[in-house]
Amino acid sequence: MDLVEKLIKNKQCLAIMGPTASGKSQLSMLLSEKLPIEIISVDSALIYKDMDIGTAKPTQEELDAVPHHLINTHDASETYSASDFVDDVNRLVFEIFARKRLPVLVGGTMMYFNALQQGMSDLPSANEAIREKWLKVWYEKPELLHEKLLDIDPESAERIHKNDPQRLIRAIEVYEITGKTLTEFRGEPKKGLPEFELIKIALIPEDRSRLHKQIEKRFMQMVEQGFLQEVKALFERGDLNEDMTSIRSVGYRQAWLFMQGDYDFEEFIYKGLVATRQLAKRQLTWLRKEEDVLIIDPYKTSSADRVDSVLQLLESKTQ
């Protein structure tokens with residue numbers, strides 16, 4: 001029995017995690033040359049169509065070479081939750097197993113990885129009327145949202161930033177639909193726990209300054225490749241706004257504010273780089289809490305070394 005057959009028999013998948021610009025996609029593509037794999041994106045921005053440059057989406061050649069999932073699945077006007085992600089992955093993994101291939105989960109949206117491993121609270125579906133009501137409040141008097149949540153669910157209000165309308169509205173919406181707070185739901189048994197095991201790799205650079213340089217290099221390449229033109233096309237659609245999940249993505253929000261005239265070009269660059277570095281810092285904080293994970297420094301290893309490390313880890317897990 002070969003390696004992938006053993007992994008499938010054991011219901012084991014590979015997860016490649018890491019901060020933005022750490023080389024996750026490159027590693028997964030190199031791994032595809034060694035093993036029959038299909039890639040499941042763990043990225044809250046890659047699901048959106050017409051958001052290619054600013055998300056560092058795989059090229060068409062890469063998408064053609066290896067089957068990718070959860071990329072280009074939604075319009076920028078649509079929402080996609082961690083619960084949706086968990087449902088999709090629990091389905092996709094077994095579809096990929098059935099094709100005799102290894103599912104490889106690749107990305108840096110740590111909230112998705114956490115939801116997948118810990119399960120989800122059984123929350124109600126969205127109620128558009130309630131959302132519209134509180135979105136209107138946000139536009140008119142944003143501080144009222146946080147004050148409202150502080151009244152009904154102080155623990156969630158402590159956890160959710162006052163400038164995060166999406167999560168504030170969701171917390172209030174859950175309470176108005178069910179009469180129970182998000183905090184109460186978090187204390188209940190979870191659903192959607194996976195019926196497969198994640199074998200986890202984390203690309204974590206010890207030298208943070210090198211990661212920052214790579215982030216800056218990639219961000220400037222995106223700008224040169226037409227990132228602002230990409231955002232301009234979204235801006236001119238007329239049905240999107242800066243508080244939508246898609247436009248809140250790192251880089252897109254700063255470019256959107258540039259389109260609105262809130263930032264000049266230099267400020268857009270500065271704010272975009274700061275936001276991307278802050279994202280990497282949050283991702284690293286999450287990753288340090290991960291258990292049973294092989295850490296590889298992408299700056300102290302060659303690409304061949306990284307592939308070998310992954311293959312050795314997979315072999316060890318099937319013994």
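## Aromatic pairs

By the rule used here, there are twelve aromatic pairs; rings of Phe, Tyr and Trp (its six-membered ring) pair if their centres lie within 6.5 Å, and planes under 30 degrees apart count as stacked, over 60 as edge-to-face and the rest as tilted. Take Tyr 80 and Tyr 112: their ring centres are 6.2 Å apart and their planes sit at 70 degrees, so this pair is edge-to-face. It ties together distant parts of the chain, with Tyr 80 in the loop between strand S3 (68–69) and helix H4 (82–98), and Tyr 112 in helix H5 (residues 110–118), 32 residues apart. Helices (H or I, at least four residues) and strands (E, at least two) are DSSP runs, numbered from the N terminus. Both tyrosines, Tyr 80 and Tyr 112, are buried (under 20% relative accessible area, with exposed over 50% and partly exposed in between; 1.4 Å probe, protein chains only).

Phe 258 and Phe 265 also pair edge-to-face, at 6.3 Å centre to centre and 75 degrees between the planes. Phe 258 has 24% relative accessibility, so it counts as partly exposed. Phe 265, at 34%, is partly exposed too.

## About the model

This is a predicted model: local features need pLDDT of at least 70, side-chain atom pairs count only at pLDDT 80 or more, and totals for chains, interfaces and linings use all residues. Residues are numbered from 1 along each chain as its sequence is written, and side-chain values use heavy atoms, leaving out hydrogens and water.

One aromatic cluster is made up of Phe 219, Phe 227, Tyr 252, Phe 258, Phe 265 and Phe 268. Phe 227 turns up again in helix H12 (residues 227–235), among the buried residues there.
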